[in-house]
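Dear colleague,

Please find below the structure that I am handing over to you. My notes on what was found in it follow directly after.

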Amino acid sequence: MYIGLKIGKRAMAESISIQENNLKTGKVTYSQAVWQGGALLALSFLLALSINQLRPERLPLTGNWSIKDRLTTPDGDRLDISFEEAKKLFMEQSALFIDTRSMDEYEKGHIPGAHSLSWHDVDRRFIEVTEDISPDTLIITYCEGAACELSCDLALFLLDMGFSNVRVLLDGWTEWNKGRLPVEKGNDVS
Amino acid sequence: MLTLSARFILGGAFVYASFDKILHPAAFAEAVYNYQILPDELINLTAIVLPCLELVLGIFLIINFWMPGTVVICNLLLITFIGALLFNMARGLNINCGCFSTTAVESSMNVLTVLRDTSFLAISGYLLYAIFFYKK
């Protein structure tokens, strides 16, 4: 009985000691987390700014990301085209559409007559796709999604490559489907 | 051993993810812009700082330095990444993840991207448990 009480007392004392120790350790760990987290963020910030300063082509700390600026050429021309305007040009067959989404997405459905030139494949397929296109042809690039960066990137690339009449139909594939306009499947054109 | 593996896997992933973004800040800024979450004024700053934060986190995880702070930031960062991915998938934005590469070669974000980040969060969560709770 006496031995049992002694063991129990010792176990309880040990348990309290462990709890106190854990509490102490815990407090240290939480406070460590706070100051280390803050120091880590500050260190990363300083490192990032230093690397950026040393870069030959330094990225400005704030940039102009408005759609208007992104779709304006250095000459001041706007590249974006309205859906209604694109629809009219499609009906008149006076523009060539280029689908900048992936080939898989293109094959599932695209604007009738559109060529497929995914931005992902532009290095490999640019010549193949554009060899029959005259430099003054009105080209309308499109992709899917509000950001639609692929069509903007391709449009700027085509301008660089000497195509003088390039426009971007923002979020084109979504707009085309919303407008219930004809859709073609497969890859006969590309 | 498990903690060591978790540190190396997560640390390696963070270091690997940071390289391309540090080398191509303009392309990464484009990827940040495409998420359409941050105000325009913060896009470049995020594109400059975030890759270095990933690099520092990755190195600290590997060398086992400042672990409480490192692991807390890792968890917060991964939760933010997953939140941003889910938010944009829910609103149907078709953009590149920009997670490991700034080039268009990386496929658009999808459920697998979220699962990959969730598996990293699981590892990071385990490290959080190991540091803050397991010792007790």
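I begin with a pair of helices in chain B: α4(B) passes α5(B) in a left-handed crossing. A crossing is called left-handed if the near helix is turned anticlockwise from the far one by less than a right angle, and right-handed if clockwise. Helices here are DSSP runs (H or I, at least four residues), strands likewise (E, at least two), and both are numbered from the N terminus.

This is a predicted model, in which local features need pLDDT of at least 70 and side-chain atom pairs count only at pLDDT 80 or more, while totals for chains, interfaces and linings use all residues. Residues are numbered from 1 along each chain as its sequence is written, and chains are lettered from A and ligands numbered from 1 in the order in which they are written.

Helix pairs in chain B

Two packed helices are described by the angle between their axes and the distance between the axes. The axes are lines fitted to C-alpha atoms, for helices over the stretch in contact, and the angles run from 0 to 180 degrees between N-to-C directions.

For α4(B) and helix α5 (residues 111–134) of chain B, the axes come within 9 Å and cross at roughly 155°. That makes α4(B) roughly antiparallel to α5(B); angles over 145 degrees count as roughly antiparallel, those under 35 as roughly parallel, 65 to 115 as roughly perpendicular and the rest as oblique. The residues in contact include B:Leu78, B:Ile82 and B:Leu85 of α4(B) and B:Leu121, B:Leu128 and B:Ile131 of α5(B). Two residues are in contact if their C-beta atoms, placed from the backbone, lie within 7 Å. By class, this contact of α4(B) with α5(B) divides into 16 nonpolar, five polar and one charged. Here Ala, Val, Leu, Ile, Met, Phe, Trp, Tyr, Cys and Pro count as nonpolar, Asp, Glu, Lys and Arg as charged, and the others, Gly among them, as polar.

Helix α4 (residues 67–90) of chain B also packs with α3(B), at an angle of about 135° and with the axes 10 Å apart. The two helices, α3(B) and α4(B), are therefore oblique to each other, and their crossing is left-handed. B:Leu57, B:Phe60 and B:Leu61 of α3(B) meet B:Thr70, B:Ile73 and B:Cys74 of α4(B) in this contact.

Among the residues that make the contact are B:Phe28 and B:Val32 of α2(B), with B:Ile43 and B:Ala47 of α3(B). The contact of α2(B) with α3(B) has nine nonpolar, two polar and no charged residues.

Nine of the eleven residues of α2(B) are buried, which leaves the helix mostly covered. A residue is buried if 20 or more other C-beta atoms lie within 10 Å of its own, exposed if 12 or fewer, and partly exposed in between, with C-beta atoms placed from the backbone. The buried residues include B:Glu30, B:Asn34 and B:Tyr35. They pack against α6 (149–160) of chain A together with α1 (2–23), α3 and α4 of chain B. B:Gln36, with a positive phi near 50°, follows α2(B).

The two chains

Chain B has five helices and zero strands, and 46% of its 136 residues count as buried. In chain A there are seven helices and four strands, and buried residues make up 27% of its 190 residues.

Between the chains, 31 residues of chain A are in contact with 34 residues of chain B. Helix α1 (residues 2–54) of chain A gives the most to the side of chain A that touches chain B, with 17 residues. That side of chain A has 15 nonpolar, 14 polar and two charged residues.

Confidence

With kind regards
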